[in-house]
Amino acid sequence: MRTTQFIYRATGSVFFDSPKCRAAVPARDPLLKYALQQASLDYAVRSIRHQVGPQLDCPRLSLAGVVLDRMDGLFLLKVHNIKPKRSEREQARLEFALRCNGLRLLERDAREIRTDPLFSNARQVWEHERYDVSLLDRLRISVALAEYGPQSIRDLEARSRPEGNVLAAACALACQNLLTLNIQDSPLGPLTMVAAK
């Protein structure tokens, strides 16, 4: 391995942060980072936090990890390359133990996390996280969404007439939890639907 590769990897961020996070969340595993990017852009996820918790012995499970506060409850997010196989009895014990701690289990594996278009779209949105949206463009986009409701990026551009790149601006504002993008159904582009928060 070249020295420059080692330095790059050593200085890479091991935390994920977004306005939905109460504090930066440890995310050394790239799969977890991708899952967090997707969760942060999900309208149903209200907040994301990392908790330290006990190790349960029966069933074997650590309550430490990422908790997603979604509209339908609190979920302990566990990311796997391949989901573990459990018997019905083991699954029932696991769900009971989590329920006793006010949680439900959300397990995602590499195949689910890397499914397109969500995987590519979420990564592309987060590539624009640092795009500087001017105050004037923020106001124009906000007014267009308030006046016309949910609309495609193409319509948003025609109605708001921003000075900058409307797609990059929409992505940056989505990362800031100021608007939502429908990135589940089709590739990110002019027909992607945008809605106000």
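**Briefing: cavity, pocket, strands and cysteines**

Strand S10 (residues 179–181) gives the most to the lining of the largest cavity, with three residues. The model is a predicted one. Its chain has 197 residues, of which 40% count as buried, and its secondary structure comes to eight helices and 11 strands. Along the principal axes, the C-alpha atoms fill a box of roughly 60 × 45 × 30 Å.

**The cavity**

- The structure holds one cavity of 30 Å³ or more.
- The space in the largest cavity is about 70 Å³.
- Leu179, Thr180 and Leu181 belong to its lining, and these positions fall in strand S10 (residues 179–181).
- Other lining residues of the largest cavity include Lys20, Ser40, Leu41, Asp42, Tyr43, Ala174, Asn177, Ile183 and Lys197.
- By class, the lining of the largest cavity divides into six nonpolar, three polar and three charged residues.

**The second largest pocket**

- The second largest pocket contains about 170 Å³ of space.
- Helix H2 (30–40), strand S6 (65–70) and strand S8 (104–109) each supply at least two residues of the lining of this pocket.
- H2 gives the most to that lining, with three residues.
- Among the lining residues of the second largest pocket are Ala35, Gln38 and Ala39, whose numbers lie within the H2 range of 30–40.
- Leu68, Arg70, Leu106 and Arg108 are also among the residues that line the second largest pocket.
- Seven nonpolar, two polar and three charged residues make up the lining of the second largest pocket.

**Strands S7 and S8**

- Strand S7 (residues 73–80) pairs with S8 in the parallel sense, over six bridges.
- One of the residue pairs is Leu76 with its bridge partner Leu105 in S8.
- S7, helix H3 (residues 88–100) and S8 together make a right-handed β-α-β unit.
- In a regular strand, side chains alternate between the two faces of the sheet.

**Cysteines**

- A search of the whole structure finds zero disulfides.
- Cys175 is in no disulfide; the nearest cysteine sulfur, that of Cys171, is 6.9 Å away.
- Cys175 counts as buried because its relative accessibility is 5%, and the cut-off for buried is under 20%.
- Cys100 has a relative accessible area of 53%, so Cys100 is exposed; the cut-off for exposed is over 50%.

Notes: Residues numbered from 1 in each chain as written. Predicted model: local features only at pLDDT ≥ 70, side-chain atom pairs only at ≥ 80, totals over all residues. Heavy atoms only, no water. 1 Å grid on protein atoms, 1.4 Å probe; cavity = no way out; pocket = protein on both sides within 12 Å on 5 of 7 lines; lining within 4 Å. Points joined across faces, edges and corners; volume = space filled by probe spheres on them. Helix = DSSP H or I, 4+ residues; strand = E, 2+ residues; numbered from the N terminus. Nonpolar A, V, L, I, M, F, W, Y, C, P; charged D, E, K, R; others polar. Pairing = 2+ DSSP bridges. Right-handed = clockwise from strand over helix to strand, strands pointing away. Disulfide = S-S within 2.5 Å. Buried < 20%, exposed > 50% of the residue type's maximum accessible area, 1.4 Å probe, protein only.
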